[in-house]
Amino acid sequence: MGKDAALSNGLVKKIILSYTYVAIWIFLSFTVIVYNKYILDRKLYGWPFPISLTMIHMAFCSSLAFLLVRVFKVVEPASLSRNIYLTCILPIGALYSISLWLSNSAYIYLSVSFIQMLKALMPVAVYTIGILFKKDTFKNSTMGNMMAISVGVAIAAYGEAKYDSWGVLLQLLAVLFEATRLVMIQILLTSKGISLNPITSLYYVAPSCLVFLSIPWIFVELPILRENSSFQFDFAIFGTNSLCAFALNLAVFLLVGKTSALTMNVAGVVKDWLLIAFSWSVIKDTVTPVNLIGYGLAFLGVAYYNHQKLQALKAKEAQKKVQQADEETGRLLTERESNGSADGKKGDSPV
């Protein structure tokens, strides 16, 4: 009875902790998105410089990651050779910097709610690019699901009250580059047994992002910032914004480390609906019935995709347990045969 109660308490504690990690991640992700929108939107804070904002984030994250890895030694740095850094880390850093630049740029032209609807295309992009790079296999059922998501997003775009073609293009390109980055992580890092948590990822990737972003920044935003001599850097705004961005990476570490990547995907769906509701009720963005119908269809497609991934994960875990049980049974039989053979030899030995 006492053992059952202890197991029950342990399970309850685990569930509470899991929901706590989910809530922290949703809150920080929600905060970073709304905060970025507030800074970049010309009608709000009015600082439409997405490359500069992303560079501030990368500089802040690089500095904190360096302190955590090298000074306070919270986590150990990964053993990466120069060749691995140049051929694996830098390409991922380049893709990440472009993805962040484009996605932040989209906030200038599109509403928060519509951006979240467009982000529903991420599974479609990841699956398609995975097939192109032979990291995923083509399945008619999965592709049909991807088509349903795409149709839902198209309907949502058709019903968008403040549609901006340039903003949509920026966000779609951001999704494309981010999906490519995720697939490249599997190809360049995971397949080679290289595992980086969010802190070590920032330690290695953020400085390269800063360098890559500085190239377009010099030609696109620096001349405008020089002309705008009246601008005064607000340490409170940009400092807290960067701190939220760094905390979000730590929250990802907690959520994926203590639960799973699939849990983060499901939590992301909840976050998207909360952002749409917030965008409509607080920011007063226009959300039309056609928007909701289209995103509802895309949401069902994403939910079914996550369900398929969960079932595949369960099947893989079950197969792994069966394999481990077979190996254990084989080991025991081998030990018995060895013991039996030894006993037989002992009985045959002369007195």
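Colleague: Where is M143 found?

Modeller: M143 is found in helix α6, which covers residues 140–158. A helix here is a DSSP run of H or I with at least four residues, a strand is a run of E with at least two, and both are numbered from the N terminus. Please keep in mind that this is a predicted model, where local features need pLDDT of at least 70, side-chain atom pairs count only at pLDDT 80 or more, and totals for chains, interfaces and linings use all residues. Residues are numbered from 1 along each chain as its sequence is written, and side-chain values use heavy atoms, leaving out hydrogens and water.

Colleague: What makes M143 partly exposed?

Modeller: Its relative accessibility is 21%. Buried means under 20% relative accessible area and exposed means over 50%, with partly exposed in between (1.4 Å probe, protein chains only), so M143 at 21% counts as partly exposed.

Colleague: How many helices and strands does the protein chain have?

Modeller: The chain has 12 helices and zero strands. The C-alpha atoms fill a box of roughly 105 × 50 × 50 Å along the principal axes, and buried residues make up 40% of the 351 residues.

Colleague: Which residues of helix α5 are buried?

Modeller: In α5, which runs over residues 122–132, the buried residues are P123, V124, A125, Y127, I129 and G130. Just after α5 comes K134, with a positive phi of about 60°.

Colleague: Why is K134 called exposed?

Modeller: K134 has 75% relative accessibility, which means that it counts as exposed. K134 is found in the loop between α5 and α6, and its phi is positive although it is not a glycine.

Colleague: What is the phi of K73?

Modeller: It is positive, about 50°, although K73 is not a glycine either. K73 lies in the loop between α2 and α3. Its relative accessible area is 54%, so K73 is exposed.

Colleague: Let's turn to the surface. What makes F66, L67, V71, F72 and V74 a nonpolar patch?

Modeller: Patch members have over 30% relative accessible area and no salt bridge, and nonpolar side chains (Val, Leu, Ile, Met, Phe, Trp, Tyr) are joined within 5 Å, like charges within 9 Å. Together these five residues have about 480 Å² of accessible area, computed by the Shrake-Rupley method with a 1.4 Å probe, where only the protein chains shown count as cover for residues. V71 is found in helix α2, residues 50–71. At 47% relative accessibility, V71 counts as partly exposed.

Colleague: How many salt bridges does a search of the whole structure find?

Modeller: The search finds three.

Colleague: How do you know that D41 forms a salt bridge with K37?

Modeller: Their closest N and O atoms are 2.8 Å apart. A salt bridge is a side-chain nitrogen of Lys or Arg within 4 Å of a carboxyl oxygen of Asp or Glu, so this pair qualifies at 2.8 Å. Both D41 and K37 are buried.

Colleague: What about R181 and E178: how are they placed in helix α7?

Modeller: R181 and E178 sit three residues apart in α7, residues 165–189, and so are separated by about one helical turn. They form a salt bridge, the closest N and O atoms being 2.7 Å apart, and both residues are buried.

Colleague: What makes K271 and D272 a salt bridge?

Modeller: The closest N and O atoms of K271 and D272 are 3.8 Å apart, which is within the limit, so the pair counts as a salt bridge.

Colleague: And why are K271 and D272 called buried?

Modeller: K271 has 9% relative accessibility and so counts as buried. D272 has a relative accessible area of 12%, so D272 is buried as well.
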